[in-house]
Amino acid sequence: MNDTANGSTLGNKTALRRELKRRRRTLSLYQQKQAATNLCQRLKQLPEIRRAKRISLYLPVNGEIDPTRLLPWLRQRKVSIYLPVLRPFSVNRLWFVAYREATPMVKNRFGIAEPCPRFAADKRNRLPAWALDTLIVPLVGFDKQANRMGMGGGFYDRSLAFMRQPGPTPTLIGVAHACQQVDALPIEPWDIPLDVVASDTMIVRPIKTG
Ligand SMILES: Nc1nc2c(c(=O)[nH]1)N(C=O)[C@@H](CNc1ccc(C(=O)N[C@@H](CCC(=O)O)C(=O)O)cc1)CN2
Ligand SMILES: Nc1ncnc2c1ncn2[C@@H]1O[C@H](COP(=O)(O)OP(=O)(O)OP(=O)(O)O)[C@@H](O)[C@H]1O
């Protein structure tokens, strides 16, 4: 994996990522449930969620905060729901594939359940990220300015690189446990900024400058 020319950034980021992943894994089942309930209550209040007709979320693994309690509420509101799927033949990029009651699922190489390749291959079942209204993005860490750290694969950053160009720009909502907040994260040139971070205890919006 490449990182900045400054070798120490890589070391710091890797160590921080490991620590933040450790924190979320140590939460008890009870704490996880409480956090998921509180997160989803907050998300339901956000205008960026309330007005969305096409939303992506993710199926949590390894202590990630669980956004799936939103599913019944979203389905009731007739919102179309999409999951990230590792794109075949394309390094560390995502497709967003329809997640319906009948979507056939398999585990990907990271052990995360996703719509199966045959289903995802059918263009009618998926959307490019720019066609979504809102993405709920899993975070490993975030800071007071709503900067994000992910799993380190650059999956979301690559899939969202189009946001730098003119054209449609979906709303990005990062979600994480409160214990994943740090004072300041290093910002990389390829980082795509979030519009908001929601945790079980707070909503963080970046303070816009300039
Ligand atoms: N639930 C969920 N789904 C997601 C993501 C995510 O962060 N969370 N992704 C966001 O990009 C994509 C998958 N990206 C991933 C990137 C790296 C690793 C990874 O390095 N996993 C470790 C094992 C897990 C761990 O260390 O806790 C590994 O395989 O060594 C996993 C997924 C798409 N789906
Ligand atoms: N738009 C891009 N084009 C090419 N490479 C990219 C792009 N965005 C990120 N990368 C690469 O992906 C790698 C991981 O980036 P980073 O450490 O910021 O991951 P992350 O933001 O934690 O992961 P994710 O986006 O999956 O949540 C870096 O080596 C970076 O060079």
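# Exercises on a predicted model

Leucine 29 lies in helix α2; here a helix is a DSSP run of H or I with at least four residues, a strand is a run of E with at least two, and both are numbered from the N terminus. The model is predicted, so local features need pLDDT of at least 70 and side-chain atom pairs count only at pLDDT 80 or more, while totals for chains, interfaces and linings use all residues. Residues are numbered from 1 along each chain as its sequence is written, and chains are lettered from A and ligands numbered from 1 in the order in which they are written.

## Exercise 1: Leucine 29

Find out whether leucine 29 is buried or exposed.

*Solution.* Start with the rule: a residue is buried if 20 or more other C-beta atoms lie within 10 Å of its own, exposed if 12 or fewer, and partly exposed in between, with C-beta atoms placed from the backbone. Next, take the count: leucine 29 has 7 other C-beta atoms within 10 Å, so it is exposed.

## Exercise 2: Helix α2

Work out which way the buried residues of α2 face.

*Solution.* First, get to know the helix. α2 runs over residues 29-45, and its 17 residues reach 25 Å from first C-alpha to last, close to the expected 24 Å. That expected span is 1.5 Å times one less than the number of residues.

Second, list the buried residues: Ala35, Ala36, Leu39, Cys40 and Leu43. Seen down the helix axis, they fall within an arc of 130 degrees, so they line one face of α2; the arc is that of the directions from the axis to the C-beta atoms.

Third, check the other side, where Tyr30, Gln41 and Gln45 are exposed.

Finally, ask what the buried residues pack against: the partners are α3 (47-50), α4 (70-76), β10 (171-175) and β11 (196-198). Contact means that two C-beta atoms, placed from the backbone, lie within 7 Å.

## Exercise 3: The ligands

Describe the residues around ligand 2.

*Solution.* A residue is near a molecule if its C-beta atom, placed from the backbone, lies within 6 Å of it. Around ligand 2 there are 17 such residues, and Gly150, Gly154, Phe155, Asp157 and Trp190 come nearest. Helix α6 (residues 155-159) gives the most to this shell, with four residues.

Sort the shell by class: seven residues are nonpolar, five polar and five charged. Nonpolar covers Ala, Val, Leu, Ile, Met, Phe, Trp, Tyr, Cys and Pro; charged covers Asp, Glu, Lys and Arg; the others, Gly among them, are polar.

For practice, turn to ligand 1: its shell has twelve nonpolar, three polar and two charged residues.
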